[in-house]
Structures are given as C-alpha cells and as structure tokens.
Amino acid sequence: MKTSLLRDRRLLPYALIAPALVILAVFYLYPIGYNAVLSVFSWDLRGPMKFVGFGNFAELFTDPDFGKVIQNTLVYMGMEVSLVMIFGLILALFLNRQGWLSEFLQGVSFAPNVIALVSVSLIFVWLMDDDIGLFNQILSAVGLEPVGWLSDTEVALFSLVLVSVWKSVGLNALIILSALQSIPRYLFEAADLDNASAWTRFRKITIPMISPTLFFLVLVNVIGSFQAFDTINVMTQGGPQSSTNTLIFAVYREGFEYYRVGYAAAIAVVLMVLVGLITVLYFRAFQKRVHYR
Amino acid sequence: MTTTIAPPTPPTAAGSSRGPASSPPPPVTPSARTARSGTILWKAVRVIARIVVSLLLVLVFAGPFYWMVLTAFQTASEALSIPPQFWVDAVRWDNFIAAFDRVNFGHFALNSAIVTGGTLLGQFLIIVPAAYAFARFHFKGRDVLFGVVLATMMIPGQLIFLPVFAMYAKMGLLNTHLSLILPFIASGFGIFLLRQTFMRVPDSLIEAARLDHASEFTIIRRIMLPLAKPTIVTIGLITFIGTWNNYFFPLVWTTTDAARTLPVAVPRLEALDEIAPTIVMAGNMLLVVPILIVFLFARRHIISAFTYTGVK
C-alpha cells in the first residue's frame, strides 16, 4: 500500500507534506480555535467546564488591574522597541568597517543573543540586587543614590527592558549592519561628487536604503516584546505591586497559578487581537513610506 | 580602461580602485578648514574615541558574563563583600558541588539533551520531505497549503500553551519528552527556508537523475541534501540554540520533574531560601557554558544564520 502511494506521482507530494501539515494543524491552528472556545467557559482544568458567555471578558474589562496590565504591556513595548532600534542602529554604524576589531566586537555584542534568557535574567538579578548588587555598589562608589532596580515600582519595568535590550541589541545591530553593507557603493561616490555632508548622505542614502530592514525589525521586535516572559518570571514575578505584570504573564498566572483557565484564555484572546491589530495598522501606516527612493 | 561612472559594484570593496572613495569616513568636504590645521590631531582624537567606545562595548557585553564566572568561583564572603572584589585568589569548585547537591542537574541535563536532540532529528525528518514537495511538485492546493505553513509562523507560540496543555492532559502526554518535541518539529520557518534552497537546484540535475530511474528518495538524498547543506546547518543551529534555551514550554507543559529541562531547573536555585549568589551563578554556568562553547567554535556560522534569516 505504502509503496504504491509513494509511486503515484499525483499523490506523492501530499504524502510528503502530510506529517508537517498534521502537526501544524494540531499544535497551531486547532489551539487558536480551542483557545477562543475556552474563553467563554469557566474551568479549573479538573472539574467540568461551565459556559459563561462573555462573562470572562466582562470581568476582565471591569477589573481595574487589567488596565494596568495593558498599560505595562504597551509601555514595555514602546521602551523596548525604541531602545533596541536606536542602539542597534548606532552600534551597526559603529561596526560598519573592515578589520579584526570590528569582527571581534560583532562577536562580543552578539554573544548575549545565544544565551538563555533565563541565564541572563539570573545574572541581572544578581547585578541589580538592592544592597550588594554591583550596579548599586558602583552608584554609591561614585556618590549617587542606590536605585531599587527590581524593587521600585517606578523602575522595575524599565530594568526588564534594559535586560531585554542588552540581550537583543547585538542581533538587531548585525542585521542592520548587513543591510548597510549591501548599499551599493556608487551611491556614496555620487554623493561625494556633489560634496554632500555626512549627515546628508546618512539621511538621503543610508536611511532610505535600509528602511525595509528597519521596518521589518520594528515589527519583529514589537511582536517579540509581547512575548517577554522569562525575564518577568525569573526577575520580578510580575511585581512589585503588579508593576511588571504584562498580558502574557497574566495569562500564565491566571491559568497556571490560579487555575482560571477560561479567564486566562480570554486574556490570550485580547493579546491575540492586540498583536493582530498592531500588525495590520503598522503595515497600513508604513506601506507607502518604506521603499527605495 | 572603461571610464564609465562607477558601475553598480558589488558591496565588497572590489571596485575601490578609483581614487579617494576607497574607504567611507574621510570625505574631503566639510571639515577641510579644520583638517588643514590639525589633520594629525583630529585623526588621533578619532582613533582614541574608537578605542574608548570599543572598550566600553566589551565592558557592557562581556562584563555580565565575567561577573557570573567570577561569582561562581568566589566564596560567599568574597561575593558579598563591600567594596566588590573583581578577582579570585584561588579557583574553587565548592559552589558547583553545592549546586549539584541542591538540584539534580544530571537528570535535567539529560532531559535537555533528549529534547534538543529529538527536536533536531524530528525536524529534519519532517521538514525535508515537506520542503521538497513544496519546492518541486505542482499539485492542487499547493499555494494555499504553503500559505497555511507561513501563517503558522505568525502565531506567537505562547498563545497556544493553554489549549495544548489541556490537550496533553487528555491524551496523557504531560511530562513526556515527546510533548516538548512534537510541536516544534514541523517548523514553518524551516520549511520556508529549505524550500527556497530546493527551488534553486537546477532542473537539469533532477531530470538527469530521473532518466537514470532514480527514486524520489534517492534524488533527495543524493542531490537535494548535499546542495542544501548550508541551509540545513543554519536551521539546525537556530533550532539547537532555541530548544536548549527554551524556558517557557518546559515550564508550562510539565507538572513533574520527569521531562523538565535545565532552564527550568536552574532558576530553582534562586528560589531556594538562604542561598548565596555564588551557588546560583555556578548552576547558571551549566546552562551558559555549553552554548557559549558552541558559539566560540561556530561564531561566524551562527551569526550569519541569525542575521540571514532576520533579513530574509
């Protein structure tokens, strides 16, 4: 039977893609639908499921803490994406030259990217310790006030952003760098003939030529920022006072610590809609602007 | 001898034979006046600034790793001293022994190896035939099905963990290695990348093989795979790093230690009461060092894999 299937030229391709498609359907497509179903039930993973209609959503949107969770998620996104892009671009421009030094620095700045975020988080928990962490020891050595990196509600979210930026800025810089290096040299030569200043060359040639890459990176970083979980779970557990509780962490906590699966699924639906909405709006807004001029 | 104005040269420095445009920085334009008064001084300032920034970068990116290693070899009193100590007098392994005493890292390391190895092997077996079919066959519904594959790349994995957990619980798959491998072997991203490579293989090679009555299996093994080796290594490296480092799924899809991996086990040290950072950092090195060694040896390849796939 099997051999005849593999011999039939019309059926063969279907046989070849079937395993992959089955797995993708079972683990990606079906769960999206099942998640939507779960969001209209009340369920503790063990007992029977109880239909509650839009009750979970109603509860969600009347919960004052949920507004805070959305706000944290968006603030985290804004800070993380802008810092990664700004520092990534600066680093890429700095590394844009030949030679062993640049090569070496590329390796050094990329290294954090291959390390588990959990490990990175543990290192920074130690560095950011209130009393004996290196950061505060340095601050007090130069006569500054210590900072409650992970204990101050005003600072903790920013500390998580810092860790994430530290880990991923090297990767972003190297992607921008490869875009920089693919700009045809004659464009700059032409600009030199016109006595264009460095700033003009940067603004009129470099930025437009790498804008598709920048566009792509912003989107990847935005979607990535919604998935930030490891740092939060290891470093702050959403605290202090929910100041670092984000959507994805709320899904995890409601579902796995409080066993409110339906409620968690409802948050996941909100997150999914938010990601989809931002992606679509982003494409709309930038569709016309990003192109080679 | 053709003196046309700079043809579109490739981005390499190949076409730099013409005059002053050999290297980007010094255009002869705006600072001509200051340049005349102090070219050497100006150059020195630039070089020094470069060195300072370079040192700063090393400090920022390598510093935290140094601090981890340092702490892992210090005694608790050295690590907690004020002002901090930036060196150790003697290399001690006490902290590593203490870490192993508290958490059974051997068990978790084995799980990590099984899950990572299983994912790599399974992914190879699943995506190679799929990518081959998408690249080399015309069949009804191909484009729609490929669209489905691409669409799954857009779904943030963390949004599906609850439904999959419920599914695993029903099927009795919780706390198995398989549960941590299965969802990741049909990588839409891997299929996409490999398909691109397979599409570039010249038709003539395949036609010649068919004339020799080669089976599809032979064509894949003898023609496609050797030509796609760099792509397969790329996908393999990304999968290896991603799976070894993964924390979220081994955390949420397990309820016992049976299948849990190192990233779930290491932070446990931190959660213990009354534990010195020295022991946490020693445990942390178990997770960091293997991947850092791989990185040191395959640095160029890993970087180009990540940046290439980033650029698409």
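Two residues are in contact if their C-beta atoms, placed from the backbone, lie within 7 Å. This is a predicted model: local features need pLDDT of at least 70, side-chain atom pairs count only at pLDDT 80 or more, and totals for chains, interfaces and linings use all residues. Residues are numbered from 1 along each chain as its sequence is written, while chains are lettered from A and ligands numbered from 1 in the order in which they are written.

**Exercise 1.** Find how many residues of chain B are in contact with chain A.

*Solution.*
- Count both sides: 75 residues of chain B meet 78 residues of chain A.
- Find the top contributor on chain B: helix α1 (residues 32-73), with 10 residues. Helices are DSSP runs (H or I, at least four residues), numbered from the N terminus.
- Sort the chain B side by class: 60 nonpolar, 12 polar and 3 charged. Ala, Val, Leu, Ile, Met, Phe, Trp, Tyr, Cys and Pro count as nonpolar, Asp, Glu, Lys and Arg as charged, and the others, Gly among them, as polar.

**Exercise 2.** Decide whether Val164(B) is buried or exposed.

*Solution.*
- Locate Val164(B): helix α6 (residues 161-171) of chain B.
- Apply the cut-offs: 20 or more other C-beta atoms within 10 Å means buried, 12 or fewer exposed, in between partly exposed.
- Val164(B) has 24 such atoms, so Val164(B) is buried.
- List its contacts, leaving out residues up to four places away in sequence: Phe27(A), Pro31(A) and Pro183(B).

**Exercise 3.** Locate the kink in α10(A).

*Solution.*
- Go to Ser211(A), shortly before Pro212(A): the kink there is about 55°. The bend is the angle between axes fitted to the seven residues ending at a residue and the seven starting there.
- Check burial: the buried residues of α10(A) include Ile210(A) and Thr213(A).

Note on methods: Helix = DSSP H or I, 4+ residues; strand = E, 2+ residues; numbered from the N terminus.
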